[in-house]
Amino acid sequence: MEDCLVIGGGPAGMTAAIYLARFHLKVRVVDGGESRVTWIPRTHNHAGYPGGIPGIELLTKMREQAAEFGVAVEERVIERVAKVEDGFEATAVDGEALRARTVLLATGVVNKSPPIAPELHRVAMDRGLLRYCPICDGYEVTDKRVGVIGNRTHGFKEAVFLRMYTRDVTLIAPDTDLELSEEQRANLAELGVEALGGPCAALRLDGDKITVPTPHGKLSFDSIYPALGSVIRSELAVSLGADASVDGCLVVDDHQRTSVTGLYAAGDVVKGLDQISHAMGEGGVAAVTIRNDMAEQRALVR
């Protein structure tokens, strides 16, 4: 039996794994191979890397560092987690059962994509034509022509946020109607943000631009930001009875404990700021909490 099973090998999971291994705890990390950090062509917000660093390179460095302390990431998908005597049993899709005294869920979220051919999605992201995080890379669209695909409050807030980087922002409904209040429409108009109904057809790449076919014609932008929400990967915890928000984010205390004893969560699967630095901080807090909670249950001595 492991001391901790970390499910998710992104920044939160790998930070926790490094801490746990250096506490001389037995830790096992499993990952489904879809960490959102690999989507990032180059992050400039992560301190310590002048000039930025590609997300996949950052993740590789994290895993190399964990390997220095005996932690290897296993590529496998966990299908379910159950409470058992003295801890938990996680079952992988290949049928193998993994047992651990504690579990740290660092499974993150999945962004909902706009209509675009799968083979173009990665190309558009690598070229900065399609972006998902204005906090991460809004600086890169300073004074450029930006489109936001979204509606309701989420689309409204994203358009307003991006307006501080550029005067040229257009909010486009993914379906027919933007579904905005009169106050929201007035705010957009005051900021000079154009608000257009949809629906949007499949996005296209046109040289150094990305285009959006709409009922108003084919619109061309330097970058498109989808504001379509995310799917929270919290099902494993929720099935155990862990508390979650309405949108599925796990509820934790100040030390990353969920409402299920022995089950912890860190990173984007927890409600908070979806940033690498924030996820890493939560991973560190979770690891220290796991160590301290285990110490209260039994002596951790060598």
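This is a predicted model: local features need pLDDT of at least 70, side-chain atom pairs count only at pLDDT 80 or more; totals for chains, interfaces and linings use all residues.
Although glutamate 158 is buried, it has no salt bridge, and the nearest side chain of opposite charge, that of arginine 36, is 9.8 Å away. The limit for a salt bridge is a nitrogen-to-oxygen distance within 4 Å. When residues up to four places away in sequence are not counted, glutamate 158 touches Tyr132, Pro134, Val148, Tyr225, Pro226 and Ala227. One of these residues, valine 148, also has a bridge partner in strand S9, namely leucine 171.

Helix H5 (residues 152–162) takes part, together with strands S8 and S9, in a right-handed β-α-β unit. From S9 the chain crosses through helix H6 (residues 182–191) to strand S10, and this β-α-β crossover is right-handed.

**Strand S9 and its partners**

Strand S9 (residues 169–172) is joined to S8 (residues 146–150) by 4 bridges, the two strands running parallel, and S9 also pairs in the parallel sense with S10 (residues 194–196), over 3 bridges. In the pairing with S10, isoleucine 172 has leucine 196 as its bridge partner.

In a regular strand the side chains alternate between the two faces of the sheet. In S9, Val169 and Leu171 point one way, whereas Thr170 and Ile172 point the other way, and all are buried.

**Strand S1 and its partners**

Strand S1 (residues 2–7) is mostly covered, with 6 of its 6 residues buried. S1 pairs in the parallel sense with strand S6 (residues 97–105) over 5 bridges, and in this pairing the bridge partner of leucine 5 is valine 103. S1 is also joined to strand S2 (residues 27–31), which runs parallel to it, by 4 bridges, and here valine 6 stands opposite valine 29. A right-handed β-α-β unit is made by S1, helix H1 (residues 11–22) and S2.

| Strand pair | Bridges | Residues named as partners |
|---|---|---|
| S1 and S6 | 5 bridges | leucine 5 and valine 103 |
| S8 and S9 | 4 bridges | valine 148 and leucine 171 |
| S9 and S10 | 3 bridges | isoleucine 172 and leucine 196 |

**An aromatic pair**

A search of the whole structure finds 3 aromatic pairs. Among them is the pair of phenylalanine 161 and tyrosine 165, which is tilted, with 6.1 Å from centre to centre and 55 degrees between the planes. The two residues fall into separate accessibility classes: phenylalanine 161 is partly exposed because its relative accessible area is 30%, whereas tyrosine 165 counts as buried because its relative accessibility is 17%, and the limit for buried is under 20%.

**Alanine 82**

Alanine 82 has its place in strand S4 (residues 78–84), and because its relative accessibility is 34%, alanine 82 counts as partly exposed. Leaving aside neighbours within four places in sequence, alanine 82 is in contact with Gly87, Phe88, Glu89 and Leu240. Alanine 82 and alanine 237 are 155 residues apart along the chain, yet their C-alpha atoms are separated by 9.5 Å.

Methods
Residues are numbered from 1 along each chain as its sequence is written. Side-chain values use heavy atoms; hydrogens and water are left out. Buried means under 20% relative accessible area, exposed over 50%, partly exposed in between (1.4 Å probe, protein chains only). Two strands pair if DSSP finds at least two bridges between them. A crossover is right-handed if, with the strands pointing away from the viewer, the path from the first strand over the helix to the second runs clockwise. Contact means heavy atoms within 4.5 Å. Rings of Phe, Tyr and Trp (its six-membered ring) pair if their centres lie within 6.5 Å; planes under 30 degrees apart count as stacked, over 60 as edge-to-face and the rest as tilted. Lys and Arg count as positive and Asp and Glu as negative; His and the chain ends are not counted.
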